[in-house]
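Colleague: Please take me slowly through the sheet in this model and the helices around it, and explain each term as you go, since I am still new to reading structures.

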Amino acid sequence: HGYRSPDGGMEFGCLYPMWEKHGYNCFFVDHRGHGRSSGTHISFGLHESEDNMEWLAFMRKEFGEDIQIILHGQSMGAATVLMMSGKELPDQVKCIVADCGFSCYFDEALHVIQFPGNRLVMEIANLYLRLVHKVDMKKAKPVEAVTQAKKPILFTHGGKDSFVPTYMGELNYEACVSEKEFHVFPEAEHATSLLVYPEEYADCVDKFICKYIKEGGE
């Protein structure tokens, strides 16, 4: 789910019917500092990607080693799964869907907070985060993580996304070294591709994941 989502499951509610229709089980996670999870600080995907590695281990233990897993993230969640792509993911992870993820959080913050002197302000804010919370916005950088990716990745983005600009999705796609596809939904704004293009989005995802999921798997 995305940054400051009050409840990851609620935000992903629009995605659940798409997965259910195709017979998939969904495992929703509230990231640290969100929803029902503990913690008060958000790390823009840095620590969240490590947390999710532990969730993968939990899923394998809880549901068995023969499961097949698709990672699907939106906005900060997309950045999180992209940062996971550069780690040693278990064999159970078959592919990744990253919807409107930023390429670098520091650059994303500069884009959102536009006023004279914004870079100086962000540098000071980042120094505070580094010293107090051990979080460096400049290290929340999916565009670097995907240079180590081994799992297939589907990148999707709204063509009218003014919050996380479409070019950031393009940067992630271009940097990715694993099997990949990139689809832009022209009239969609941030995190609305499925809402604006329900059939096209679902078809795009379905065609991609079917290349990597074995029939009869969970």
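Modeller: Strand β2 (residues 93–99) and strand β3 (residues 153–158) run in the parallel sense and are paired over 4 bridges, where pairing requires that DSSP finds at least two bridges between two strands. The names come from DSSP runs, numbered from the N terminus, in which a helix (H or I) has at least four residues and a strand (E) at least two. Within this pairing, Ala-98 stands opposite Phe-155 in β3. Please keep in mind that this is a predicted model, in which local features need pLDDT of at least 70 and side-chain atom pairs count only at pLDDT 80 or more, while totals for chains, interfaces and linings use all residues. Residues are numbered from 1 along each chain as its sequence is written, and side-chain values use heavy atoms, with hydrogens and water left out.

The pair belongs to an open sheet of 4 strands in the order β1-β2-β3-β4, with parallel pairing. β1 (69–74) and β4 (180–185) stand at the edges, each with a single partner strand, so one side of each has no neighbour in the sheet. From one strand to the next, the twist averages 15 degrees. Helix α4 (residues 76–85) packs on this sheet and touches β1, β2 and β3, with its direction at about 135 degrees to that of β1; such angles run from 0 to 180 degrees between N-to-C directions, and axes are lines fitted to C-alpha atoms, for helices over the stretch in contact.

Although β1 is an edge strand, 6 of its 6 residues are buried, meaning under 20% relative accessible area, with exposed being over 50% and partly exposed in between, for a 1.4 Å probe and protein chains only. Both faces of β1 are covered, with Ile-69, Leu-71 and Gly-73 buried on one side and Ile-70, His-72 and Gln-74 buried on the other.

By class, the contact of α3 with α4 has 6 nonpolar, 3 polar and 1 charged residues; Ala, Val, Leu, Ile, Met, Phe, Trp, Tyr, Cys and Pro count as nonpolar, Asp, Glu, Lys and Arg as charged, and the others, Gly among them, as polar.

For comparison, the axes of helix α5 (residues 105–112) and α6 come within 10 Å and cross at roughly 135 degrees, and these two helices are therefore oblique to each other.

Conventions. Contact means heavy atoms within 4.5 Å. Angles under 35 degrees count as roughly parallel, over 145 as roughly antiparallel, 65 to 115 as roughly perpendicular and the rest as oblique.
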